[in-house]
Amino acid sequence: MKLQVLGSYGGDFKGRFPAFLVNNTVLMDAGTIGTALTLEKQLEIKTILLTHHHIDHMLGIPFFSDAIYGNGSSPVEIFALESVNKNLKSHLLNDVLWPDFTALPSRENPTIRCNNIDLNTEYNLPDGLSFTTLPTCHIGPSCGYIVCQDDVGLVYSGDTGICKPFWTSLTTFRREHPSVSIQAIIIECSFPSNRKSFAVATRHLTPELLAGEFENWDGERPDIMIFHMKPKYMAVIEQEIRALLGDRVWMLRPDEEYSITRDGIRSSHQTPDR
Ligand SMILES: [Zn+2]
Ligand SMILES: [Zn+2]
């Protein structure tokens, strides 16, 4: 499985809001698209999985829709919880802030199409990929994903605070899919540990809270990939995470590429202990 980091920050740092591209075709969250990809690469995207409706996770969609409009191929399929799709259409693609590309050029054959998903459910995608939804604990309706290719799994939390249901669902998935090896968890860490009360109030994680969450993982833990750092806290978050969680931790940064296989994770940009 190939993972490209289009954006990874929980605030504006050169416009690189969260978005992670799998195998060139499946985008997990859409905070950054055109800022990171050529038009040719944007046209390869066939699926977008949204975790929730906050604008830092959707910001790329209006301009992406405009860029790919009229390319002649089938609609790009967006998967999200029903209320997230509703909010995308009523607050962003509402024919006021931006045209409604779910009805352009026509409702029958639009540029992008919104599909409602349920929690704890598995869906198949083209090209041998599948995804399973996980509950997460953020402000408003939200979910995470397990994306699988053959027997390799990659978990993406989206934004979440402390969340027992997330780990319970993940444990159930592992029990029901013993052949799938979860190689990595992309999980958020927005604030340093001394901002715990604010993190808890806004349903985010700190390094200390994150370390506590991994006590819910049974067995050898997968690699941990950190995203959603608030830009002004990046250095201290990294320092704290490395002290608390040890090795096999990756601080995700824009334009990095990873190869994820059963043999482990390789990066063209960094080593996990940096
Ligand atoms: Zn966010
Ligand atoms: Zn959020």
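**Sheet, helices and core of the predicted model**

Helix α7 (residues 234-245) lies across β12 and β13, at about 170° to β13. Helices (H or I, at least four residues) and strands (E, at least two) are DSSP runs numbered from the N terminus. Angles run from 0 to 180 degrees between N-to-C directions, with axes fitted to C-alpha atoms, for helices over the stretch in contact. Contact requires C-beta atoms, placed from the backbone, within 7 Å. This is a predicted model: local features need pLDDT of at least 70, side-chain atom pairs count only at pLDDT 80 or more, and totals for chains, interfaces and linings use all residues. Residues are numbered from 1 along each chain as its sequence is written, and chains are lettered from A and ligands numbered from 1 in the order written.

β12 and β13 belong to an open sheet of seven strands, ordered β7-β8-β9-β10-β11-β12-β13, with mixed pairing. β7 (122-124) and β13 (249-251) are the edges; each has a single partner strand, so one side of each lacks a neighbour in the sheet. Neighbouring strands are turned by 20° against each other on average, direction ignored. Pairing requires at least two DSSP bridges. β11 (residues 181-188) and β12 (residues 223-227) pair in the parallel sense over five bridges. I186 stands opposite M225 in β12. Helix α4 (residues 164-176) lies across β8, β9, β10 and β11, at about 140° to β8.

I186 and M225 are among the residues with the most contacts inside the largest nonpolar core, which has 72 residues. Such a core joins buried Ala, Val, Leu, Ile, Met, Phe, Trp, Tyr and Cys residues through C-beta atoms within 7 Å. Buried means 20 or more other C-beta atoms within 10 Å of the residue's own, C-beta atoms being placed from the backbone; exposed means 12 or fewer, and partly exposed lies in between.

Terms used. Contact = placed C-beta atoms within 7 Å.
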